[in-house]
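Open the model in your viewer and keep the selection panel at hand. The tour goes from one selection to the next.

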Amino acid sequence: MHLIGAGGHAKVVLEMLSEMGMTVHGIWDDNPSVKNLLGYPVLGSVMSLLETNPQEVIVAIGNNDIRRKIALQLRAKAACAFSKTSSISLSAELGGGCVVMPNASINAGTRCGSHVIVNTNASVDHDCLLGDYVHISPQAGIAGNVEIGEGTHVGIGASVIQGLKIGKWCVIGAGAVVLKDLPDYAVAVGNPARIVKTNRYAK
């Protein structure tokens with residue numbers, strides 16, 4: 001197993017892999033000033049890893065767009081990581097590269113795409129559909145039958161009520177309460193959430 005990323009998110013993923021009994025063969029990051037992560041040496045750049053054709057990789061980077069760009073270059077198997085304190089329904093489906101953090105929950109019938117992050121204490125209820133590269137931040141709550149498009153970031157402590165459709169590459173601000181559908185690229189904040197601008201950088 002190789003880990004791409006050496007920031008704070010990667011620290012949590014690294015500890016989860018240790019809990020799972022996984023052997024981490026190397027950590028790779030493009031920041032040359034980062035030399036180690038929790039005692040593991042950072043061996044080189046992301047590109048230098050990709051050139052070696054590793055067998056299994058986790059892209060442990062919280063930024064959705066950066067995670068997507070790296071994932072699209074992978075030829076290796078995208079492995080998943082799950083905290084032993086997380087709760088994942090037996091009927092849930094998770095794509096490659098997903099990370100489910102401590103005390104997070106994914107309930108019955110929910111489907112997650114590839115490289116999805118469900119962060120610490122976040123809750124995704126029944127029959128949701130999360131697109132590739134979605135990030136559900138700590139303590140966010142997604143009610144049942146919600147569809148969230150590719151690359152959308154749901155901020156810390158935000159809530160989305162049942163049955164809504166959230167477009168791709170949206171940003172939902174910290175603590176926002178989403179009561180209506182959101183179109184692609186919407187940036188929404190507040191309670192109730194309102195659209196304040198367009199996420200142009202994701203287009």
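Select β24 (residues 186-189) and β25 (residues 194-198): four bridges join these strands, which run antiparallel. Strands here are DSSP runs of E, at least two residues long, numbered from the N terminus. Two strands pair if DSSP finds at least two bridges between them. This is a predicted model, in which local features need pLDDT of at least 70, side-chain atom pairs count only at pLDDT 80 or more, and totals for chains, interfaces and linings use all residues. Residues are numbered from 1 along each chain as its sequence is written, and side-chain values use heavy atoms, with hydrogens and water left out.

Stay on the hairpin. Click V189: its bridge partner in β25 is R194. Four residues lie between the strands, and among the residues of this hairpin G190 takes a positive phi near 95°.

Next, show the open sheet. Six strands run in the order β8-β11-β14-β17-β20-β23, with parallel pairing. β8 (87-88) and β23 (177-178) stand at the edges; each has a single partner strand, so one side of each lacks a neighbour in the sheet. Zoom in on β14 (residues 123-124) and β17 (residues 141-142), a parallel pair over two bridges. Here S123 faces G141 of β17.

Last stop: K168. Look in the loop between β21 (165-166) and β22 (171-172). K168 counts as partly exposed because its relative accessibility is 35%; the class lies between buried (under 20% relative accessible area) and exposed (over 50%), with a 1.4 Å probe and protein chains only. Leaving aside neighbours within four places in sequence, K168 is in contact (heavy atoms within 4.5 Å) with G149, E150, T152, D184 and Y185. Draw the C-alpha to C-alpha distance from K168 to E150: 4.6 Å, across 18 residues of sequence.
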